[in-house]
Amino acid sequence: THHLSMLRYDTLRCNGSALAAGASRLSGPTWDGQVAVLDPEHGCAVLASTAAEAGIVDLQWFRERRLVSISDGGEVQGWHWRGDNTIENTFSVNGHDDVGTCIALSADRALAATGGLDRTVRIWQLKDDDASMVAVLEGHARGINAITWLGDRVVSASQDGSLRLWTTGKQDSSAIGLAAPATAIAAIDAHCAVAGLLDGALALFDIRTGAVAAAGKAPARVGTVTALDGRRALVGADDGSVTLVDLRAGSSLTTLHAHKDFVRASAVKGTAGYTAGWDGKVTDNLVEPDHRSIHTSW
């Protein structure tokens, strides 16, 4: 486990060999941001890091060593990890009119979808040194909490308690109502995803039918969910817990109290499920081959 003080981790992504983490950082009397690349093979040691003007709320790898992020200032930014200890900010463009909350990539990684508290979903064409906005999608009554792609459609989750399905570049959408607002989403395949809700419940939904099914429950508000396969998900919650959930059975396989504050980020590499939170800690949670348990490596 790697512990960096004065950080609140909000996002964690794996590109197959390295983890990228985005955080808010207390710098003197004010908060700014940080982008870091971590080595999952050596205790999540920091390989490179750089400061950002605003907190990094979410990020994604869109090339082997290139990242795109959304900040709490609403900016969409590009970052280039050069493979050493340096990360370069390659572009920064105005994005949302309020706090940016989430970013997800299309299957070919050419497009990004972002959500924000301005109640919009925005679609971006990505280049190494630029991002150009190609669509602003409106329809939610409140801010966007989470976003993902299922095939060529974008799924957004809002504080208004609905999921909306968007065909890329179109203003029209269809809505799916939930029992509580979704706070996290993870794609399972091109048609199905799992959502974590404000009340801790998990819900499976299928965009082909609009059907929603219960899929278990976390001990508290869901801060992050990552689908391990078609059956299991790694879920982080606001009580600091990390739970391995059997989505088909709708049951919790095991729960660890791996963090001392909100768990806001998760990623998977092989049999390792990594989580990060507002305690400034990244934890390696080993998912056992029997599919039934996890344990934390400190």
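Mentor: Strands are DSSP runs of E with at least two residues, numbered from the N terminus, and two strands pair if DSSP finds at least two bridges between them. The model before us is predicted. In the hairpin of β23 and β24, three residues lie between the strands, and Gly240 there takes a positive phi near 90°.

Trainee: How many bridges join β23 to β24?

Mentor: Five bridges join β23 to strand β24 (residues 241-246), and the two run antiparallel. Leu234 has Leu244 in β24 as its bridge partner.

Trainee: Are the faces of β23 covered or uncovered?

Mentor: Buried means under 20% relative accessible area. Both faces of β23 are covered: Arg232, Leu234 and Gly236 are buried on one side, as are Ala233, Val235 and Ala237 on the other. Thus six of the six residues in β23 (residues 232-237) are buried.

Trainee: How many disulfides are counted?

Mentor: A disulfide requires a pair of cysteine sulfur atoms within 2.5 Å, and the count here is zero. For Cys14, the closest cysteine sulfur is that of Cys44, at 9.8 Å, which is too far for a bond.

Trainee: Is Cys192 buried or exposed?

Mentor: Cys192 is buried because its relative accessible area is 17%. Cys14, at 25% relative accessibility, counts as partly exposed.

Note on methods. Residues numbered from 1 in each chain as written. Predicted model: local features only at pLDDT ≥ 70, side-chain atom pairs only at ≥ 80, totals over all residues. Heavy atoms only, no water. Buried < 20%, exposed > 50% of the residue type's maximum accessible area, 1.4 Å probe, protein only. Helix = DSSP H or I, 4+ residues; strand = E, 2+ residues; numbered from the N terminus.
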